[in-house]
Amino acid sequence: VAKDRVYRSTNRGADWTTLGDIPNGEATALALCPSDVSRIYVAKEFRLYRSTDGQTFDLLDTPNGFSWIQDIEVDVADADHLWITLSNYNNDVKVLESTDGGETWSNLSDGLPEAPVNCIAPDVAGSGLHYVGTDVGVYRLDPASGSEWERLSEGLPNVVVSDLVVHAPSGRLAAATYGRGIYTLELPDPR
């Protein structure tokens with residue numbers, strides 16, 4: 001759990017331990033790496049911190065200016081591969097990807113609207129497909145088809161999408177919206 005600090009419980013929440021001190025405000029996102037329990041990423045507003053030992057945190061240099069980090073996702077098999085989404089109203093930088101633990105970044109923002117990107121469901125089932133939830137719906141990036149995001153909101157109203165969950169066995173994407181409930185979208189077959 002992250003707020004002003006990161007807290008860990010090993011007994012289902014009966015007791016909590018504070019991890020290393022992270023300055024500069026409240027946490028806006030937290031990601032744990034499924035393949036390495038010591039790897040933790042924490043966003044505090046527009047700053048991103050990384051722990052490689054599960055205790056201490058280092059500030060990473062992200063090319064997001066002062067855009068708030070909304071979401072962090074880590075590859076299930078690679079602790080160094082991560083994506084962050086940004087809340088801003090420009091079309092320059094919305095989604096960033098790093099394959100080296102946040103040391104360098106690639107901008108994956110072509111084709112996204114001038115609206116905040118709130119969440120990401122990256123590399124669905126190893127297909128290379130990425131999905132993001134924005135303030136105006138869901139978008140999909142298929143690297144096999146090109147480097148631009150495409151709107152994928154069939155049946156979904158023009159609404160803020162705050163979280164995405166992919167259920168690969170059923171081929172569905174669940175989109176949690178602000179004030180309009182949860183929508184499920186049928187995903188195209190991965191190539």
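This is a predicted model: local features need pLDDT of at least 70, side-chain atom pairs count only at pLDDT 80 or more; totals for chains, interfaces and linings use all residues.
Local features need pLDDT of at least 70 and side-chain atom pairs count only at pLDDT 80 or more, while totals for chains, interfaces and linings use all residues. Residues are numbered from 1 along each chain as its sequence is written, and side-chain values use heavy atoms, with hydrogens and water left out.

Strands here are DSSP runs (E, at least two residues), numbered from the N terminus. Two strands pair if DSSP finds at least two bridges between them. Strands of a sheet pair through backbone hydrogen bonds, either parallel or antiparallel.

Four strands form an open sheet in the order E3-E4-E5-E6, with antiparallel pairing. Strand E3 (29–33) and strand E6 (58–60) stand at the edges with a single partner strand each, so one side of each is left without a neighbour in the sheet. On average, neighbouring strands of this sheet are turned by 25 degrees against each other, direction ignored. Axes are lines fitted to C-alpha atoms, and angles run from 0 to 180 degrees between N-to-C directions.

**Sheet E11 to E14**

Another open sheet has four strands in the order E11-E12-E13-E14, again paired antiparallel. Its edge strands are E11 (117–121) and E14 (150–151), each pairing on one side only. Cys119 has Gly133 in E12 as its bridge partner.

**Strand pairs and their bridges**

| Pair | Bridges | Sense |
|---|---|---|
| E3 and E4 (residues 36–44) | five bridges | antiparallel |
| E8 (residues 82–87) and E9 | four bridges | antiparallel |
| E9 and E10 (residues 106–107) | two bridges | antiparallel |
| E11 and E12 (residues 130–134) | four bridges | antiparallel |

**Strand E9**

Which way do the residues of strand E9 (residues 95–98) point? Val95 and Glu97 point one way, Leu96 and Ser98 the other way, and all are buried (under 20% relative accessible area; exposed is over 50%, partly exposed in between, with a 1.4 Å probe and protein chains only). Leu96 is the bridge partner of Ile84. Leu96 also has a bridge partner in E10, Asn107.

**Cysteines**

How many disulfides does the structure hold? It holds zero (a disulfide is a pair of cysteine sulfur atoms within 2.5 Å). Cys33 is in no disulfide, and the nearest cysteine sulfur, that of Cys119, is 20 Å away. For Cys119, the closest cysteine sulfur is in Cys33, at 20 Å, too far for a bond. Cys33 counts as buried at 3% relative accessibility. Cys119 is buried too, with a relative accessible area of 1%.
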